[in-house]
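Here are a few friendly notes to read alongside the picture. Keep the viewer open and look up each part as you go.

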Amino acid sequence: MAVGYAALSQALVINGTANITTEWKILFTNIQEGTLTGAESKTAPSYTATTATFDVNLLYPGASAQYVITVANQGSINAKLTSVDGIESVNKVAPKDITYSIDAKKDDTLASGATKDYIVTVTWNADSTEIPETKSKTATITLNYEQAE
């Protein structure tokens, strides 16, 4: 009987490969100097895939500088902006009369293959009556994206 059982049993082997063909790739692709009012760039704005950098002198209260930052979705997954980090924290530190803003909004969508321009503005409060002891302020602003539904 054992011989009969051995003749009727068999092992099945299943081999397979699964490939994921999606790619997540959100990055900065450009930064340009925008409108400067009472301001001058100390160095040309620059960027890497994940950072944008600008260095500006604000000359008097009411002065401002704008920079246009381009974000691209070079991946195959639609994305949405979930948050912008860094604006609140940098505006709380001295000199408080120099503030940063960005026109990015939560839930902004960025389709696969699309680009979006955001404007970063640095402003010296026009109502300021004091010349700050420290005349520069560095900001790190992070745009956080996740997969769109």
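**Notes on the sheet and the pocket**

1. Let's begin with the sheet: four strands make up an open sheet, ordered S1-S4-S8-S6, with antiparallel pairing. Strands here are DSSP runs (E, at least two residues) numbered from the N terminus, and two of them pair if DSSP finds at least two bridges between them. At the edges lie strand S1 (26–37) and strand S6 (98–102), each pairing on one side only.

2. A word on the source: this is a predicted model, where local features need pLDDT of at least 70, side-chain atom pairs count only at pLDDT 80 or more, and totals for chains, interfaces and linings use all residues. Residues are numbered from 1 along each chain as its sequence is written, and side-chain values use heavy atoms, with hydrogens and water left out.

3. S6 runs antiparallel to strand S8 (residues 115–124), and five bridges join them. Tyr100 stands opposite Val122 in S8.

4. Which strand gives the largest share of the lining of the largest pocket? That is S3, with seven residues.
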